[in-house]
Amino acid sequence: MMLPILQTKFYAPPPPAGSLARPQLWARLEEGRQAGRRLALISAPAGYGKTTLVTGWLANSAAAHAWLSLDRDDNDPARFFTYLVHALRRIDPGLAEDLPAVLNLPQPPPLESLLVTLINAAAGWQQPTCLVLDDYHLIESPAVHALVQFLLERVPPTLQLVILTRQDPPLPLARLRARRQLTELRARDLRFNLEEAGRLLHEMMGLDLPPAAVQSLTDRTEGWCAGLQLAGISLQSSENPAAFIENFSGTHRFVIDYLLEEVLAGLDAPLRDFLTRTAVLDRFCAELCAEVFPEGSLPAAETLTRLEQANLFVIPLDEERRWYRYHHLLADLLRSGTDEETRRGVQQQASGWYERSGDLEAAARCALAARDSDHAARLLRQVVPAAARSGQYRSALGWLDALPQPVLLSAPDLAAYRAWFLVFTGRMEEARAWFELLQNVLPPDTPPRIQGMLLGLQAWTRMALGGPLESEPLRRSLEMVGEDDSELRPLFLLAYGQAVLPAGKTAEAEDCFRQSYRLAEAGQAPLHALAARNNLAFLLNTSGRLDEAVAVCEDSLRCYSGKDGQPSPVGSLACIPLGCFLLVRGEWDAAEQRLKQGITAARQLGLYEIFAHPAENARVVLAAERGDLPGALAMLENLARHAEKSGLGAVKAAVQAAEMELRLRAGDLEPAAQWAARAFPGPLPPVTLFNHSLLTLARLRLYQNRDSEALDLFTSLEAAAQRTGWLTDRLAARLGQAAALHKLGRAPEALQALREAVVLAAPQGYRQPFRSAGPLIAALLPRAREAAPEFVDSLTGAPPASPRPAAPSAHPALVEPLGERELEILALAAAGLSNQQIAVRLYITLGTVKWHLNNIYGKLGVKSRTQAAALARELTLID
Amino acid sequence: MTEQTNHTQIRIKGHLSSRTARAFTGFQVQLLPEGDTLLSGPVEDAAALYGLIFRLRDLGLELVSLQQHAGTDPPPQPGEPA
């Protein structure tokens, strides 16, 4: 079950019978809208006719509108956002179809990024539209204000925001005013002037009053709409209007107080009682009224109709006139006169009625309002899991925290859900304290599912607080959570798979990921399923099954496509691993396109931080491969900022290692050396697990010509990779070994290592590991050609071999022939490489390059590298 | 910002009925001859004060002035608010 959407919140109450047309104010609102102002703010105290004014304007406006009546629960950003989308779907029914999947995530995405999707959709609407937020003063959550401000800053010209409130919202009103982006109506604008008061009392309420009477009513009420209307109602049944007006004008009594008393006094006792009791409720229908007013002789349905017709401040909440509420001001005044005991009694009865009619959420709210904690707890046990599935963690946390702690602790499932909400709203420290408290108080007969849930969440919390992801608690939690628990099991299976993977338990992790996505699919949790599918695909790639990895992604794209056959945003997340794999195969253009598609989907869904990192990393590699090193570095800088913000330690480390790889390739050794000194101070501990930072360190040693150290490190990494059997790690380590061995003069062993790598990589086309292994491997690669000729050719780009001319060292034209190293350097210099680049390419120092070049100039009898290059070509020393 | 219980006086336009005054339990209600109502009582802290102001807003009451004195006791003279 998901939490039901209250349709009554989208209903713009029709202007009540007998409400006054206010064409001048309507015109101001309409002109402001046509002028493209972003916001119409109607800010005035209760009873000034804000809602009536706006519904009247919209009924006469050229714009369409989406209406949302806010309540206190909309302080939960997820709930507010959900209702916002549903309100806008009245305009655009296909809006944000993936929304439920996203809000169903354990860590709700930043809603701002989801708002962008709405804003983009709204920008394409043909008809201008007003989005009305009524009762905005009930919003106090900074998160919701921030959402509204974000929306306000980006609303397309087709959309105007209309805010009705009793107090100015904390939005940048002064700036909007200064930029003429605000239409503003305040109390002074909404007050009825003499002419309007006259029309209201005479034309709308059918009274016949002398001008002086209208004048004194207007003065006394100061044009306050609620006051004038209440006065009119009293006058309609008054035997002596003149006396009424005289008394009213002569008293100091608070206007509404006085008039309400008058109106109530004019009603018979049962009706008065009916009003008092039903006013306790936020909304009501005839059956609910009958429930809380059973002893009365009044038939509820007729009474409601009568109240509406008498304009006694009941406001219909739907077309069918089934649900009503009282005007907020009157309801508050009526409630303040009702004693606590009565209010609680009414709420209790209402709770029972809602429960019988199946609206458990409303039943739970009423039970909480009645302070009937045991009943509330019983209801919440059913409502809270639904709130969790709807992503409304903050609302649900609010309900749980409204329970006295002993009651909460005596319901272990509620206590566990409180932990869930704390964890997934990022309140980790509070979660930790809550776990500690629970450990000592949870009864031994706590259901296994709840124990398992707590264990799993605790493991998660420890990881979020900086620890490793431990597999043991997750394993035990999986034992306790039911086999078919499609809510908890997919999450814990995924986490467990990730936890055992670094230890090389590939088969077990694979099995977990597969189970996780199948169960999530059975439980209709597409995002959890996609997360597990992507994890599976990455695992397959790592373990050497690239073809299967690609197939898993392609299957995801097929399974999660919309009616038009295009993958849905959730399905498009599969493009992230797919793009990475295409890069591995060396299909750069296709990779680029998929990576972009995946990143766009992650952004659309607000899941950039969680999903996009592998794709961004792959784009960096791709840019570097295409020779755009500054571009690649700039992208990395961006990623580093993101990682810093999201506080994900693992991502931060990966970004740093990637940057060092790029620096090394650019021949910029100094930053890499500094990084290494920071990341690995002191002697290295024995290598037990393959680790990318260590791989980068080994490559640095190679560039630093600390070849033996490099070889040792690559060899340890190779052993670690052997233990897990992961192909991508083995390739990286083996190729590193080959380079180090070659530099150490152990050419046959180097070639052997290189051949081995080629044999491993060729069948499924793992090309990128060879490119990442550095220039020396690229230079050596042709020598391993016979191991897999096509594969090697595809990497070297060599045309089917026409062998180079034999070593030209014995060229007769030279007195002293050039050595092999000198020829190598000369060729690179002739190709336009700088000394620094040559040094990097050949793993030698800058000084060595210069020394070689001087010798070359001497042997050739030239003074510059241009002359050297020209002569060398002439002598066909180089190509 | 109020950190401790303060005696608070709130002046509201018009005379409140006893029904509406019930919304302010714990407060002494005084109908002033000039036609305003003076609510006096202890307010525990800033949060309680804002709660009170929002209650005024929701009942459509017009706030004329608000004064606080340290301590729970009312000042010797209710006096005119500043």
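A:Glu709 has a relative accessible area of 38% and is therefore partly exposed, a class lying between buried (under 20% relative accessible area) and exposed (over 50%), with a 1.4 Å probe and protein chains only. Its partner in a salt bridge is A:Arg706, with the closest N and O atoms 2.9 Å apart, and A:Arg706 counts as partly exposed at 35% relative accessibility. A salt bridge here is a side-chain nitrogen of Lys or Arg within 4 Å of a carboxyl oxygen of Asp or Glu.

This is a predicted model, in which local features need pLDDT of at least 70 and side-chain atom pairs count only at pLDDT 80 or more, while totals for chains, interfaces and linings use all residues. Residues are numbered from 1 along each chain as its sequence is written, chains are lettered from A in the order in which they are written, and side-chain values use heavy atoms, without hydrogens and water.

**Salt bridges**

Over all chains the count comes to 65 salt bridges, and three of this kind are counted between chain B and chain A. Some pairs are set out below.

| Pair | Closest N to O distance |
|---|---|
| A:Glu222 and B:Lys13 | 3.0 Å |
| A:Glu261 and B:Arg19 | 3.4 Å |

A:Glu222 lies in the loop between helix H10 (211–221) and helix H11 (225–236) of chain A, whereas B:Lys13 lies in strand S1 (residues 6–13) of chain B, so this pair joins two chains; helices (H or I, at least four residues) and strands (E, at least two) are DSSP runs, numbered from the N terminus.

**Interface**

The contact (heavy atoms within 4.5 Å) takes 19 residues from chain B and 20 residues from chain A. The area buried between the chains is about 1,700 Å², of which carbon and sulfur atoms give 47%; buried area is the accessible area (1.4 Å probe) that two parts lose on being put together, summed over both. B:Arg19, B:Arg57 and B:Asp58 supply 38% of the area that chain B buries against chain A, more than any other three residues.
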